Amino acid sequence: MAGLFHSPPPHLSCRTDPEPDLPRHTDHPTLLAKTTASAATATVTPTTSRRVRARSNSSSSSGSALGPAPSRAALGANDNGDGQNGDEGDDYASRPTKRTRLEPSSGSTTTTTMPQLIEDLVSNGHSATMNGNGLSNGSGPSSSSSSSLSLSLSSAAAAAVAAISSTSAGSAEPHDTAAALAITAGGSSSSSASPDHHRDASDYEHSSFKPLWPGSDIDRREWVRLALQTFKEMGYAGTAQALTRESGFELEIDDVTTFRNGVLQGQWDLVEAMLVQLPAHQVKDHTTVRFKIRQQKFLEALEAKETKKALFTLRNELAPLGHDSDRLHFLSSLIMCASAEDLRARSSWDGVHGESRKTLLLQLQDYISPDLMIPQRRLETLFEQAKIHQQRQCVFHIHNDSFTSLLADCKCDPHAFPSTTTHILHEHTDEIWRLEFSHSGEYLATAGRDRLAVIWKVSTGFTLDKVLREHSDPVSCITWSPDDTILLTAAESVIKMWNTEKGHCIATLNQHAYQIGALAWFPDGKGFASGGMDSKIYFWDLAGNITESLQNSPSRVIDLAITPDGSRLVAVGRVDTSPSVLASRDQSRTQSGADTPAQLASNLRVPIEPKHDNRISIYTLADRKLEFESTQPHELTSANISDDSRFAIIGHAPDEILYLDLRDCTVVRRYQGHNQGTFVLQACFGGPLQNLILSGSDKGEIYVWHRDTGVLIKQLTGHSVEGSVNAVSWNPKNPTMFASASDDNTVRIWGVRAGPTPNPIVVNGNDSKRSA
């Protein structure tokens with residue numbers, strides 16, 4: 001299929017007319033001559049005339065006037081296909097149908113009846129052509145010399161009558177009449193939008209790419225197929241057929257259509273038979289596709305209580321594939337389900353009357369080339385991506401639920417940015433080091449040097465909800481579980497697990513030998529990871545048991561993060577490259593287990609100074625192996641990962657944040673302008689699309705950058721300039737709210753206020769709110 005594949009299979013063809021029972025045009029001069037000759041012999045009577053069903057193709061500046069579309073003999077056959085003359089209800093040669101004829105010489109219009117139009121055609125000479133303005137005596141431009149055919153007066157008239165009568169009977173669009181005359185006469189017509197459109201499909205016989213327009217890097221064939229799919233999905237079947245006729249492209253080959261319908265109708269034997277007929281190089285994994293098809297067949301048989309059929313499918317069709325033994329064992333356990341409801345619940349499958357077949361079709365498309373089967377609603381997906389791109393490029397885009405038109409670039413109001421302090425929270429009595437919104441956006445947790453962890457309720461105006469006091473050291477880490485039911489805190493080397501509803505400590509974990517640098521939950525909420533200055537990374541379950549550990553972590557962990565998809569762990573820290581003494585809570589000991597640095601220096605008789613590297617380490621969690629490692633010149637202080645699990649922002653003292661691609665551990669961008677000195681500051685992503693990067697600084701300011709351009713767009717003041725802003729956190733549910741924590745013992749909530757800016761609301765612990 002030249003319009004669809006670069007190397008078409010020999011048994012495939014490109015149809016330009018989606019209705020197989022309709023005759024098609026031919027572009028071969030000899031066949032055209034025969035066609036017009038047979039048309040000339042037709043007797044125009046109500047009972048014996050043979051109808052000519054003509055479709056208009058766009059005219060071309062070169063080649064045949066009829067275009068490259070393959071065709072069958074169009075004339076001399078009736079609608080019934082029986083070779084007999086079809087019955088017509090009217091004599092179109094004598095019907096006083098009004099027509100408008102354009103005179104090429106003057107451009108004026110005259111109204112004439114159908115017989116008059118035929119007489120004019122005959123009287124114009126032995127060679128009749130159609131130019132862009134109307135009928136002429138052959139002096140107007142034609143598509144090519146090979147397609148300018150001489151017709152006898154009678155044959156021209158008869159062919160014109162036949163073409164017009166078919167149009168009058170509704171067999172073609174009303175505007176196709178002139179084109180039908182032009183085709184019959186061997187001339188060209190300008191009734192179509194572009195003279196080259198009908199040549200699109202044939203152009204791909206000599207080239208694998210044709211631009212949508214000159215200079216475009218969008219392939220015309222792909223664009224047309226996307227348009228065809230969209231029109232059909234919207235219910236514009238007629239528009240899709242017209243586009244197919246003009247372009248010569250089909251949405252997909254017949255085998256794919258049969259395959260798709262077979263999946264949706266549950267005709268599994270047919271589906272597997274059609275799978276073999278699809279081009280082999282277009283299906284990426286036949287085994288996986290077959291497994292998914294047969295799994296659906298098995299589940300449907302179980303749901304219908306056809307146990308024997310289900311067992312046969314399991315033993316003789318699924319098992320021989322040797323694919324995904326764990327899944328196969330699970331499927332076999334479903335045979336014991338007591339009811340269809342139990343089956344659907346245990347298998348997380350909504351049944352044959354649900355969306356399971358549509359879901360299966362979507363899954364299969366992952367293994368079938370899009371050249372063969374375009375993913376459903378593909379153009380809508382592209383438009384959605386374009387909209388997100390517009391929003392991401394808009395520097396001040398905050399409201400993700402606002403309407404974004406595809407007709408113009410997104411430009412949001414800078415005044416809609418949350419740059420005003422709305423609340424000031426007072427409860428801590430010392431520096432506040434960490435803060436984090438819950439996943440629901442309903443609570444805010446803060447912690448710091450005063451050995452307290454505090455939970456604030458957002459919906460009630462940041463009233464104090466709970467104070468967690470059972471820490472013997474300053475609290476350096478906090479993090480919410482995915483369901484917000486547990487809050488983890490770390491003070492020195494001790495981890496505490498808190499029930500957030502009751503405020504009770506449910507577990508105290510003491511395994512690290514030195515200070516804990518970071519805590520991070522696994523996305524499924526079944527456990528978490530901790531990393532410390534003892535170069536250990538532990539994995540814990542909800543019962544407080546260590547399930548695994550990375551004993552040979554290359555760095556003293558300052559911070560770590562786990563990707564939202566659970567595939568990677570990113571740790572930042574410092575690696576000592578010379579023997580050094582670590583300060584243990586119990587005793588001093590040498591990390592290498594050998595002599596002390598002083599003894600080594602004495603033996604070597606050269607001074608030894610401690611050396612270290614600052615490293616970013618990326619682990620794959622599937623096998624717990626180190627995937628990438630990067631060394632940076634200065635201290636690394638924080639790690640935060642984007643929601644799509646592809647990028648991380650890494651705090652790099654003294655004055656920049658690294659934007660890291662986790663797929664290859666390369667630094668894509670650097671955000672600069674702030675200063676953090678020697679402090680550990682926590683940066684974060686912000687905005688509804690995470691299109692912003694936020695960080696505090698050592699002078700009490702908050703810096704906001706546009707993520708994709710690195711442009712500094714805001715520099716917010718409010719905290720005391722005598723201390724640093726140690727952490728920032730964006731509310732995941734409120735696109736116009738974020739919080740900051742400072743050495744000035746306060747938490748500030750930032751938002752948008754309409755009109756004159758009033759004083760912020762000050763919240764003093766359990767006291768009532770008051771205005772500053």
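Analyst: In this predicted model, helix α6 passes helix α7 in a left-handed crossing. Helix α6 comprises residues 220-234 and helix α7 comprises residues 237-247. Two packed helices are described by the angle between their axes and the distance between the axes. For α6 and α7, the axes come within 8 Å and cross at roughly 160°. An angle over 145 degrees counts as roughly antiparallel, and α6 and α7 are therefore roughly antiparallel to each other.

The residues that form this contact can be named. On the side of α6 they are Val224, Ala227, Leu228, Phe231 and Lys232. On the side of α7 they are Ala237, Thr239, Ala240, Leu243, Thr244 and Ser247.

Just after α7 comes glycine 248, with a positive phi of about 85°.

Side chains of opposite charge can pair when their charged atoms come close. Here the side chains of aspartate 219 and arginine 221 meet in a salt bridge, with an N to O distance of 3.8 Å. Aspartate 219 has 7% relative accessibility and counts as buried, and arginine 221 is buried as well, with a relative accessible area of 5%.

Helix α8 (residues 254-265) packs with helix α14 (residues 356-364) at an angle of about 145°, and their axes are 8 Å apart. The crossing of α8 and α14 is right-handed, whereas that of α6 and α7 is left-handed. From α8, the contact uses Phe259, Arg260, Val263, Leu264 and Gln265, while α14 supplies Arg357, Lys358, Leu360, Leu361 and Leu364. The residues of the contact between α8 and α14 divide into six nonpolar, one polar and three charged.

The side chains of arginine 294 and glutamate 272 meet at 2.7 Å, N to O. Arginine 294 belongs to helix α10 (residues 286-303) and glutamate 272 to helix α9 (residues 268-277), so the pair ties together parts that are 22 residues apart in sequence. Both partners are buried: arginine 294 has a relative accessible area of 14%, and glutamate 272 has one of 16%. Asp269, Lys297 and Glu317 are linked in a network of salt bridges.

Helix α10 also contains glutamate 303. This residue is buried, with a relative accessible area of 16%. Leaving aside residues up to four places away in sequence, glutamate 303 touches Ala340, Leu343, Arg344, Trp349, Gly351 and Val352. In the loop between α10 and α11 (307-318) lies lysine 305. Lysine 305 has a positive phi of about 60° although it is not a glycine. In contrast to the buried glutamate 303, lysine 305 is exposed, at 68% relative accessibility.

Loops between strands also show particular backbone features. Glutamate 492 is placed in the loop between β11 (486-491) and β12 (494-499). Its phi is near 60°, a positive value in a residue other than glycine, and its 31% relative accessibility makes glutamate 492 partly exposed. Proline 654 lies in the loop between β25 (647-652) and β26 (656-661). A cis peptide bond joins alanine 653 to proline 654, with omega about 5°.

The whole chain provides the setting for these details. The chain has 16 helices and 36 strands. Of its 772 residues, 48% are buried. Among contacts between residues at least 6 apart in sequence, 54% join residues at least 24 apart. The count of salt bridges comes to 21. One of these is formed by aspartate 613 and arginine 615, whose closest N and O atoms are 3.5 Å apart. Aspartate 613 is partly exposed at 25% relative accessibility, whereas arginine 615 is buried, with a relative accessible area of 18%.

Technical notes:
Residues are numbered from 1 along each chain as its sequence is written. This is a predicted model: local features need pLDDT of at least 70, side-chain atom pairs count only at pLDDT 80 or more; totals for chains, interfaces and linings use all residues. Side-chain values use heavy atoms; hydrogens and water are left out. Axes are lines fitted to C-alpha atoms, for helices over the stretch in contact, and angles run from 0 to 180 degrees between N-to-C directions. Helices (H or I, at least four residues) and strands (E, at least two) are DSSP runs, numbered from the N terminus. A crossing is left-handed if the near helix is turned anticlockwise from the far one by less than a right angle, and right-handed if clockwise. Contact means heavy atoms within 4.5 Å. Ala, Val, Leu, Ile, Met, Phe, Trp, Tyr, Cys and Pro count as nonpolar, Asp, Glu, Lys and Arg as charged, and the others, Gly among them, as polar. Angles under 35 degrees count as roughly parallel, over 145 as roughly antiparallel, 65 to 115 as roughly perpendicular and the rest as oblique. A salt bridge is a side-chain nitrogen of Lys or Arg within 4 Å of a carboxyl oxygen of Asp or Glu. Buried means under 20% relative accessible area, exposed over 50%, partly exposed in between (1.4 Å probe, protein chains only).
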